[in-house]
Amino acid sequence: MVDCINKFKQICAAYYWAAYLLHHAVCLRPGEPLKNSRLVVVGSFRAGGAGKTPFCLKLAKELLMQGKTVAVLCHRFAFDEKQMYRQALDSFIQQGKAEVIATSNRYKTAHALDQRTQDRDKASPDFILCDDGFEDSRLRPDVIFRLDWEKAPTDINQLIPAGKFRSLRQDHLKDEPRTVPLKCFGTAPDVIFKIESITNAAGDYPKNKQSIAICGLGDPQRFFNDLKKEEYPLHKTICCPDHDKDFQQKVEKALQQYPDSNIIISEKDSVRLSNQVLENPKVYIARQSVTITKKIVL
């Protein structure tokens with residue numbers, strides 16, 4: 001039975017790849033490069049959970065601290081990413097140095113921002129950062145930062161639904177001259193993601209070690225593993241869909257079902273919760289740091 005299911009997934013993966021190639025050839029042919037802004041794409045072969053949002057946020061902060069103006073583009077369905085960016089960049093947004101735009105068409109939005117210098121009083125941003133957009137072959141980025149958690153996939157059977165990848169390395173050959181692969185695994189990684197603190201609204205660390213981790217990210221297991229790396233024991237783990245709109249209800253249910261346990265969530269998941277839930281002393285946010293060990297140039 002298992003062999004039949006795997007065979008069916010492999011067949012579906014082959015059809016998926018054929019549809020992917022056809023869609024790109026017909027609908028996503030390479031477009032025009034930007035004239036005024038520099039376009040940066042942060043992507044990954046993985047379908048989710050590669051750390052694109054925290055990496056993109058780090059880039060945005062570093063550019064803003066250098067005095068650059070920045071626009072961050074994320075997908076319009078990723079409402080939690082949009083909110084996370086706006087919270088983290090609020091002071092820069094208030095100063096008119098940063099903006100966060102949720103869009104279903106990164107190519108069209110990037111060109112609209114790029115044309116401001118000619119069409120509007122407001123200048124085009126110095127940098128446009130795309131949180132993902134790795135699969136949008138219309139884009140002509142100045143640089144692509146590709147977050148790799150394993151070797152680049154080259155076999156059809158590695159594609160969804162048989163695997164966890166959206167495309168293969170050979171699908172991006174034309175972009176390789178502009179691509180900076182960043183190793184996120186093994187020894188001497190180029191990018192290190194690490195949980196640096198776990199605190200509740202009062203700033204307290206968990207005193208009771210009986211904790212439940214609830215995660216609605218693209219790769220929940222990576223979040224759970226990161227907690228274990230910090231030698232933080234988990235009594236239970238609960239996986240939710242990425243960008244789960246019912247995340248608050250699930251956290252509230254867990255608080256009722258497990259009154260003696262702490263609830264640990266990611267920083268990205270926390271933006272889906274009301275202030276009332278966040279102020280509960282048993283709700284803790286695991287905040288992540290991003291360290292780039294490889295020298296990158298923008």
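Since the model is predicted, local features need pLDDT of at least 70 and side-chain atom pairs count only at pLDDT 80 or more, while totals for chains, interfaces and linings use all residues. Residues are numbered from 1 along each chain as its sequence is written, and side-chain values use heavy atoms, with hydrogens and water left out.

**View 1. Histidine 172 in its loop.** This residue sits in the loop between strand 5 (143–148) and strand 6 (179–183); strands (E, at least two residues) and helices (H or I, at least four) are DSSP runs, numbered from the N terminus. At a relative accessible area of 6%, histidine 172 is buried (under 20%; exposed is over 50%, partly exposed in between, with a 1.4 Å probe and protein chains only). Skip the neighbours within four places in sequence, and histidine 172 is in contact with Tyr20, Phe45, Phe134, Glu135 and Ser167 (contact: heavy atoms within 4.5 Å).

**View 2. Helix 7 and its cover.** Helix 7 (residues 220–229) has Pro220, Arg222, Phe223, Phe224, Asp226 and Leu227 as its buried residues. Their cover includes strand 7 (191–199), strand 8 (211–215), strand 9 (236–239), strand 10 (262–266) and strand 11 (283–292). Just after the helix, glutamate 231 takes a positive phi of about 60 degrees.

View 3. Cysteine 4 is exposed, at 55% relative accessibility. Cysteine 239 is in no disulfide either, with the nearest cysteine sulfur, that of cysteine 215, 6.8 Å away. Cysteine 239 is exposed at 52% relative accessible area.

Methods. Disulfide = S-S within 2.5 Å.
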